[in-house]
Amino acid sequence: MIQSVRQTYNQTFSPERYRAFLDKINTELPDQLDFRVAETPIFVPKVLTDKLLQACDDIVSVITRDDFNALTEKAIPEGQRVPNEDGHTQFLAVDFAVCTNDGGELTPQLIELQGFPSLYSFQPFLANLFRTTYQIPDNLSHLFNVETNADYLERLRQMIVGDCEPEEVILLEIYPEKQKTRIDFVLTERALGVASVCLTKIRKEGRALFYEKDGRQVRIKRIYNRLIFDDLQNFPDLQTDFHLTDDVDVEWVGHPNWFFRISKYTLPLLKSPYVPASYYLSSLSEYPADLENYVLKPLFSFAGSGVKLNITSADLDAIPADQRDGYLLQRKVTYEPVIQSPDGLVKCEIRMLFIWPKEDPKPTLVTNLSRLSRGEMIGVNFNKNKDWVGGSVCFFEK
């Protein structure tokens, strides 16, 4: 998107250099990379950076409202409320499509947001690898509100580990060694000393939780949560000593309830030029006249599951009355192909990543993630057997 930087990058790019780039990842972290990393970062011009920051401010102003918890009480599904919820999320990820407005200017449009961790440890690693492989101008940065990756990781350590010993903090997942995001878990342990532990490996004794390390039973004081209920539903016969909904004596870093409170459920509460109109289906007495310009999303499914791109009034009428409060109607967003690849333009999405230490009044933007796509939607299933697609990182013009 910054033409001069893009031109220089593409001139120095080659398939051989890209393979060498991937080889560096696989050499340093063997068998850990299980998703496609795109051939390029995204270079974001200041005009779009400023709009992204304003869009984030508009969203933060809502989730920091005194009545936000009251407005999102119904977001937590029955049977999935976890005790001992804290005052706010510690993680915030906000996804924007890169579009153009009526004047032809680049503009962000909100797609989704989540009060849940993303690839917080992988992104600085990836940004550094792009910098050491290609010439990225010094006036572009993948970071906000911190100067270096070391500063960033220290902020992350303070929030996740705090005054605990690293071994007293675990990254919680289900079968972490099989997750597509496991490379992030490995880098988290390398940077913070926090190991990933499977839910099945946790022992409960009263309200205390333990896991085994080097033949010792270690008391768990904090949980950096990367586990979502949606994943657990893939293992209906799973037998565990600890269930997420148990009342236990641990401090959550990323309490599970915030995964639901800050989610698609939040979208109708947001009003901004950078947020497309969204409605709870149950709140509509009549449908928008231009229904072809809307998409239907289940509120309680994730990773794009159940999304219907082309809907009619008959489709909506077919949803039973007692299920309508589980659906969201959102105005479609048109991604603008803006990334110049060797053989055409590619669409992209930018995820702004925040941390929110418990004592802070509001979240702080620290870094980002991006995804490139040639398909109808952003996501693996829409980009199979394509190049210049996949996960990446943005370098912003400050």
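Contact is taken here to mean heavy atoms within 4.5 Å. The structure is a predicted model, in which local features need pLDDT of at least 70 and side-chain atom pairs count only at pLDDT 80 or more, while totals for chains, interfaces and linings use all residues. Residues are numbered from 1 along each chain as its sequence is written, and side-chain values use heavy atoms, with hydrogens and water left out.

The chain contains 10 helices and 19 strands; these are DSSP runs (H or I of at least four residues for helices, E of at least two for strands), numbered from the N terminus. For 398 residues, a compact globule would have a radius of gyration near 21 Å, and the value of 21 Å for the chain agrees with this. The radius is taken over C-alpha atoms, and the globule rule is 2.2 Å times the number of residues to the power 0.38. The C-alpha trace spans about 60 × 55 × 40 Å along its principal axes. Of the 398 residues, 55% are buried, where buried means under 20% relative accessible area, exposed over 50% and partly exposed in between (1.4 Å probe, protein chains only). Among contacts between residues at least 6 apart in sequence, 75% join residues at least 24 apart.

Helix α7 spans residues 182-192, and its buried residues are R182, I183, D184, F185, L187, T188 and L192. The elements covering these residues include the helices α2 (15-28), α5 (122-133) and α6 (149-160), together with the strands β5 (169-173), β6 (195-198) and β10 (222-225). Just after α7, G193 adopts a positive phi of about 80 degrees.

G326 counts as buried because its relative accessibility is 16%. Leaving aside residues up to four places away in sequence, G326 touches K297, P298, L299 and F300. From G326 to Y265 the C-alpha to C-alpha distance is 9.1 Å, with a separation of 61 residues in sequence.

S370 belongs to strand β17 (residues 364-373). With a relative accessible area of 0%, S370 is buried. The side chain of S370 reaches the backbone nitrogen of V393 at 3.1 Å. V393 is also among the residues that S370 touches, not counting residues up to four places away in sequence; the others are I42, E349, I350, G390, G391, S392 and C394.

Conventions: A polar contact is a pair of N or O atoms within 3.5 Å; within protein, one must be able to donate a hydrogen and the other to accept it, and residues adjacent in sequence count only if both atoms are side-chain atoms.
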